[in-house]
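Trainee: Could you walk me through reading a sheet and a domain contact? I'd like the general idea before the particular case.

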Amino acid sequence: MKKFLLFSLAILCYNNLFCQTLAHERCAAFEKGLNINNWLEEYWNPNWPTETGYSKSDFEDMKTAGISSIRLPIGFSFISDTLPPYDVDTNHVLFQRIDSVVKWTQELNLNLIIDNHHGWFLTNENWRSHKDRFAHLWGIVAKRYKNLDPSHYFFELMNEPPIAFNDLDSLNLLFNTAIDSIRKYTTEHTIIVSPNLGSWGMAFNVYQPLADTNLIYTFHCYDPLDFTHQGFTWHDPYYPTGTAFPTTGDPFYENFLYESWNRIADWKATYNKPLFLGEFGVGSYADQDSRCRWIEFIGDKIDSLHLSWFYWDWAGGFPMFQSNSVAPDSIYDCFKYSLHLYSDTVSGINESISSLFNEVKIYPNPASTTNALSIEVTNTTCFNLIIYDVRGRIIFENNIQGNTTRLKPNFERGIYVAEITSGSRKIFKKMVIK
Ligand code: BGC
């Protein structure tokens, strides 16, 4: 019997159903991360790559907030020749900047992802002419950084493979060629890959893992795009301001948020491959209450799927801090407790808000259209409850005496947000009616 069990486990492990590999461990160790903005890839800036973008003290501030990993977007494409033999300018100041970041992360014991970001204008038609160039670049980068500790330094092949290059077989071929090129220099380093359609969660319904076993997979989430990217003139198409969350925008975009997370959860359960959220963020033009509801929704997903994450950005266009001033007492409370930053606890109101988050229980959740659900707030004698539907409409509002209420909702199936206020403390929690 024992032999049979061991045999069965070996089979399951062989099929990767329950195996925890080194790549899993490394992926889990990313924990909380930040994207270092467009500093080393903003090719549109005439002074690129500027010396003054970030300094070691910024990284120290991040570490103080609880950040353990850095994703560094780099515009490698702009220093690699487009014609054979595809020379890469290794004397370019870009490499000096990368080397500074490597040094700071070593000194501060942070993980670092070397992320090959924008500039690969690939399409289904032209990708073949870039394949060797792409592989050559990765050989140069791997050769240069192969001695960095593989437990802390990672290579991400390509940020958000372009939408115009949506042929998955060709993308996989391009990636496998680059992986072979890296593997000539190191088999120990874990390589990060993502599917077509801009690393979007929606792509995961047909995406299958690649053959190399030392890979980590990544996806991005900015859905609903007309909410998170409202007001940015650089975004094409332009989304006007005024869209709230749960969204009052286009249901077309809104559905992507829920559907892409379903696909991510399914993919994770099906393949048991290491997977993390490499970019997500909500822009400064959305109203702050909606930004809070959105980050709380994402925080909830991250927690329930046990994902490591990298927020975009820090104190830029998608800010976590009031007035973009980086300090423990100026982070928005909802960012702090949704992403568990600054240990989740600072004195005063912040502490009380995060504690309320833990005091509220909604069960069952998901609930059904036919059964009652309970909302309970420990440590209170009364609380105010408002329930919003996904369009931001109030569908229930009441002052509850006591610490529990049972609702027979008769709500339609869908996602709702419960706003719970107890004294001066307020939080938002997601409810699902199936
Ligand atoms: C891009 C940034 C952009 C962010 C949010 C990143 O992948 O490089 O330029 O601000 O996504 O859209």
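Predicted model: local features only at pLDDT ≥ 70, side-chain atom pairs only at ≥ 80, totals over all residues.

Trainee: How many bridges join strand E11 to E12?

Mentor: Strands pair if DSSP finds at least two bridges between them. Here, E11 (residues 382–388) and E12 run antiparallel and are joined by seven bridges. The names are DSSP runs numbered from the N terminus: helices (H or I) have at least four residues, strands (E) at least two.

Trainee: What is the strand order in the open sheet?

Mentor: The four strands go E12-E11-E14-E15, with antiparallel pairing. Strands E12 (394–401) and E15 (425–433) each have a single partner strand, so one side of each lacks a neighbour in the sheet.

Trainee: And which domains does the chain have?

Mentor: Domain bounds come from an automatic or database domain assignment. For this protein chain, that gives domain 1 (16–344) and domain 2 (356–433). Their C-alpha centres lie 34 Å apart.

Trainee: How many residues does the contact take from each domain?

Mentor: Residues are in contact if their C-beta atoms, placed from the backbone, lie within 7 Å. Domain 1 contributes twelve residues and domain 2 ten. On the domain 1 side, helices H9 (251–271) and H10 are the elements giving two or more residues, and H10 gives the most, with five.

Terms used
Residues numbered from 1 in each chain as written. Contact = placed C-beta atoms within 7 Å.
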